[in-house]
Amino acid sequence: MAGGSRTWMGLAAPPALKMAAITMRLPVPRKLVGPSASRGGEKHLVAPGDTITTDTGYMRGHGTYVEDEKLIASVAGAVERVNKLVCVRALKTRYNGEVGDIVVGRITEVQQKRWKVETNSRLDSVLLLSSMNLPGGELRRRSAEDELAMRDYLQEGDLISAEVQSVFSDGAVSLHTRSLKYGKLGQGVLVQVSPSLVKRQKTHFHDLPCGASVILGNNGFIWIYPTPEQKDEEAGGFTHNLEPVPLSDREVISRLRNCIVALATQKLMLFDTSILYCYEASLPHQIKDILKPEVMEEIVLETRQRLLDLEG
């Protein structure tokens, strides 16, 4: 060193470099699920054009057609048989509404005496003004004042939970929110998955022990929100707590969201038990690491094994 300048081997030393963290991931052998994985029977998967059966005694259902006395699949999916009716349930498809389904949807348009709702189906669904609870749960005929105040109830962009009331001949769905458990959704996170991954159950509203609640829409829209301390049954689904959500609740919701994305990516059925098992399996990892491919595979594998052990 000479003249106050820093030299090394006669050269000026480079300025201090900022070291960036680099994450390296190396391939590892995939773990095999135990022998219990074969329980429950294999599903018959077909691709478009595959022959399902040559027996002429079967009836043709959705996703199939008959050619040269053979029943052939027109979509990729799993073959389902109900007595003599054969249909193919597509693995990835738009939502096909059925009466009684629970759905989560987004208001796209306000029309005369009705709202148009996006529910992940081929056509927009319809929510009639007469098919919803008025604020406070009032039971009366809808008047012209109610029609003028429709945007005060629901406006474009609002998220709602509803039940399928009927299905029109063109496949469009009519909704209703006449129960106090349905209505406008407040603060939370929306996750979109394939409708075929949501398991049909008696109830699709679940308060999970981890401190958050989920609404598993049959249409593939899943709503995650902080569990309310007290449920206001007199609001009619229109009043919402807009207080800031605590950091602990936001972390639980974020972890649940990443767990649901991981389960959907690995094509595991979504219901309250699988989501809770996946949440518990993810606890050793940071929230942001759950979506790394190797971590995702590890926690979903553990979830699948626990579900198989539960079945028994």
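## Basis and overall composition

Accessible areas come from the Shrake-Rupley method with a 1.4 Å probe, and for residues only the protein chains shown count as cover. On this basis the protein chain exposes about 19,100 Å², of which carbon and sulfur atoms supply 52%. The structure is a predicted model, in which local features need pLDDT of at least 70, side-chain atom pairs count only at pLDDT 80 or more, and totals for chains, interfaces and linings use all residues. Residues are numbered from 1 along each chain as its sequence is written, and side-chain values use heavy atoms, leaving out hydrogens and water.

The protein chain contains 5 helices and 19 strands (DSSP runs numbered from the N terminus: helices H or I, at least four residues; strands E, at least two). Of its 312 residues, 39% are buried (under 20% relative accessible area, 1.4 Å probe, protein chains only).

## Helix α3

Helix α3 (residues 247-265) has 19 residues and spans 27 Å from its first C-alpha to its last, close to the 27 Å expected at 1.5 Å a residue (1.5 Å times one less than the number of residues). Its buried residues include Val252, Ile253, Leu256, Ile260 and Leu263. The buried residues of α3 pack against β16 (189-192), β18 (212-216), β19 (221-226), α4 (272-282) and α5 (293-311) (contact: heavy atoms within 4.5 Å). Just after α3, Lys267 adopts a positive phi of about 60°.

## The β4-β7-β6 sheet

An open sheet is formed by 3 strands in the order β4-β7-β6, with antiparallel pairing (at least two DSSP bridges between two strands). Its edge strands, β4 (51-53) and β6 (64-67), each pair on one side only. β4 and β7 (residues 70-73) pair over 2 bridges; Thr53 has Leu71 in β7 as its bridge partner.

Notes
Buried < 20%, exposed > 50% of the residue type's maximum accessible area, 1.4 Å probe, protein only.
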